Amino acid sequence: MATDLTAPAPPRPDVAPIQRRTVRLLFATQTIGGIGVTIGISVGALLAARIAGTAVAGLAQSAGVVGGALLAVPVTRLMIARGRRPGLVLAYLVGAVGGVLVVLAAAHRSVPLLFLGMLLFGGGTAANLQARYTAVDLAEPARRGRQLSLIVWATTIGAVAAPNFAALADRTTRGWGLPTLAGPFAFSAVAFSTAAVVLFALLRPDPLLTARRLAAAGPVAAPAGTARRAAGMRAAWQVVRARPAACLGIAAVAMGHLVMVAVMSMTPVRLGESHSDADVLRVVGLVLSLHIAGMYALSPVVGWLTDRLGRRAVILGGLALLLAACAVAGTAGHHTPLLSVGLVLLGLGWSGTMVAGSTLLSESVPTAERPGVQGLSDLVMGLAGAGAGALAGVVMQLAGYPTLTLLAAIATVPLVALALRPVPGRGPDEED
């Protein structure tokens with residue numbers, strides 16, 4: 001996309017009603033989409049363990065992460081060519097197809113079909129991530145952060161509530177003849193389809209296309225092809241390598257996500273060891289809701305601390321919380337309340353590394369190169385999470401949950417060393 005949406009712009013009262021309508025619509029669909037994503041994720045490891053064994057459970061969760069990362073490429077290309085609406089609709093529909101395939105995999109106990117379904121299920125995650133960018137296409141510069149945060153909060157509402165719907169979905173669909181743990185994915189498919197239909201019908205005019213028209217009619221337009229050149233992964237990697245602060249930012253985002261996914265993905269399996277089938281979904285729903293609340297509920301406070309105390313200080317604070325989470329969860333045994341405390345700390349630590357790391361990364365590179373660098377960060381984060389989820393199942397089966405949390409804690413050591421090393425500062429637009 002050739003438009004530089006970070007450049008200052010005069011007030012545009014003509015598009016203010018469009019922006020308000022867009023944000024309201026995205027808030028509603030993000031809530032629905034958040035429910036769809038999280039209700040499936042909350043039981044994905046349990047379902048995979050039932051079908052293929054504990055060692056494969058982490059791989060199945062990783063397939064969803066990889067699917068979201070891979071689907072971001074065609075979805076982004078479609079948005080560049082046709083606008084936000086078709087891209088978001090496509091991502092949600094792919095996620096709905098994935099949910100249906102997971103239900104079929106559970107019915108036929110098919111491992112290949114399970115992995116294909118989880119891969120496509122990642123479309124829901126891709127749509128939720130892209131919706132955040134949609135919220136700022138037409139936002140005034142002074143309000144972009146607040147309007148994006150509204151969409152983040154909408155995702156949080158759905159994500160926190162969703163795990164507690166898993167037991168209800170499972171009971172309801174068992175009456176329809178679906179196997180145990182397949183029901184939540186059927187509900188996810190319905191949620192994604194609903195979000196896709198609502199966006200297709202109501203996201204008009206398209207905010208990205210409208211922003212492009214405004215930029216084309218304005219006094220200054222970005223040179224054609226600038227954003228396309230800056231978006232290449234190779235060019236983005238060269239930009240990051242030349243800036244130690246950007247390296248720290250991308251490492252903080254990736255490592256925080258790696259530790260969070262490794263521990264969180266196997267926690268439902270850990271809970272399944274000490275709870276009956278009648279209770280496990282309810283317990284898993286409560287614990288994961290607390291974890292997700294830790295991830296998102298205090299994100300505005302984390303952002304404020306990032307500005308007040310500095311990026312590096314909050315990254316180190318997030319790492320300290322991740323280490324505390326591993327210690328608490330790893331020594332909790334089968335004590336569910338203590339394990340819940342560990343998962344809340346895990347979410348708070350992830351929030352610290354994600355918010356401060358992303359802020360440091362963005363401000364460490366010139367404006368024209370930020371989209372490509374941010375895309376590289378998302379790719380590295382997704383691969384880190386996928387690898388962590390895949391290895392977590394193997395470690396869980398061979399050595400147990402306490403060993404998994406110990407290895408996750410050890411993995412943070414290189415980032416601690418990097419965060420403690422002095423990094424020369426660089427202004428956000430020093431080279432623009």
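Helices (H or I, at least four residues) and strands (E, at least two) are DSSP runs, numbered from the N terminus. I opened the notebook with that definition and then noted that this is a predicted model, where local features need pLDDT of at least 70 and side-chain atom pairs count only at pLDDT 80 or more, while totals for chains, interfaces and linings use all residues. Residues are numbered from 1 along each chain as its sequence is written, and side-chain values use heavy atoms, with hydrogens and water left out.

**Entry: the whole chain**

I looked up the secondary structure and found 18 helices and zero strands. Of the 432 residues, 51% count as buried, where buried means under 20% relative accessible area, exposed means over 50%, and partly exposed lies in between (1.4 Å probe, protein chains only). For contacts (heavy atoms within 4.5 Å) between residues at least 6 apart in sequence, I noted that 84% join residues at least 24 apart.

**Entry: helix H3 and what follows**

I traced H3 over residues 84-108, which is 25 residues, and its first and last C-alpha atoms are 37 Å apart, close to the 36 Å expected at 1.5 Å a residue; the expected span is 1.5 Å times one less than the number of residues. Just after H3 comes Arg109, with a positive phi of about 50 degrees, although Arg109 is not a glycine. I wrote beside this that most residues other than glycine have a negative phi, and most peptide bonds are trans. Arg109 sits in the loop between H3 and helix H4 (111-134), and Arg109 counts as exposed because its relative accessible area is 52%.

**Entry: H3 against H7**

I checked how H3 packs with helix H7 (residues 183-202), and found an angle of about 160 degrees with the axes 8 Å apart. Axes are lines fitted to C-alpha atoms, for helices over the stretch in contact, and angles run from 0 to 180 degrees between N-to-C directions. H3 is therefore roughly antiparallel to H7, since angles over 145 degrees count as roughly antiparallel, under 35 as roughly parallel, 65 to 115 as roughly perpendicular and the rest as oblique. The crossing of H3 and H7 is left-handed, a term used if the near helix is turned anticlockwise from the far one by less than a right angle, and right-handed if clockwise. Among the residues making the contact are Leu88, Tyr92 and Val103 of H3, and Phe185, Phe192 and Phe200 of H7. I recorded the residues of this contact as 16 nonpolar, three polar and one charged, with Ala, Val, Leu, Ile, Met, Phe, Trp, Tyr, Cys and Pro taken as nonpolar, Asp, Glu, Lys and Arg as charged, and the others, Gly among them, as polar.

**Entry: after H7**

I found a cis peptide bond between Arg204 and Pro205, with omega about -5 degrees, and Pro205 belongs to the loop between H7 and helix H8 (207-217).

**Entry: helix H14**

I then turned to H14 (residues 311-330), which packs with H18 (residues 413-420) at about 160 degrees, with axes 10 Å apart. Arg312, Ile315, Leu316 and Leu319 of H14 meet Leu415, Val416, Leu418, Ala419 and Leu420 of H18, and the residues of this contact are eight nonpolar, no polar and one charged. Arg311, also in H14, is buried at 18% relative accessible area, and Arg311 touches Thr306, Ala356, Thr359, Leu360 and Glu363, leaving aside residues up to four places away in sequence. Gly317 of H14 is partly exposed at 30%, and its C-alpha atom is separated by 8.1 Å from that of Thr353, 36 residues apart along the chain.
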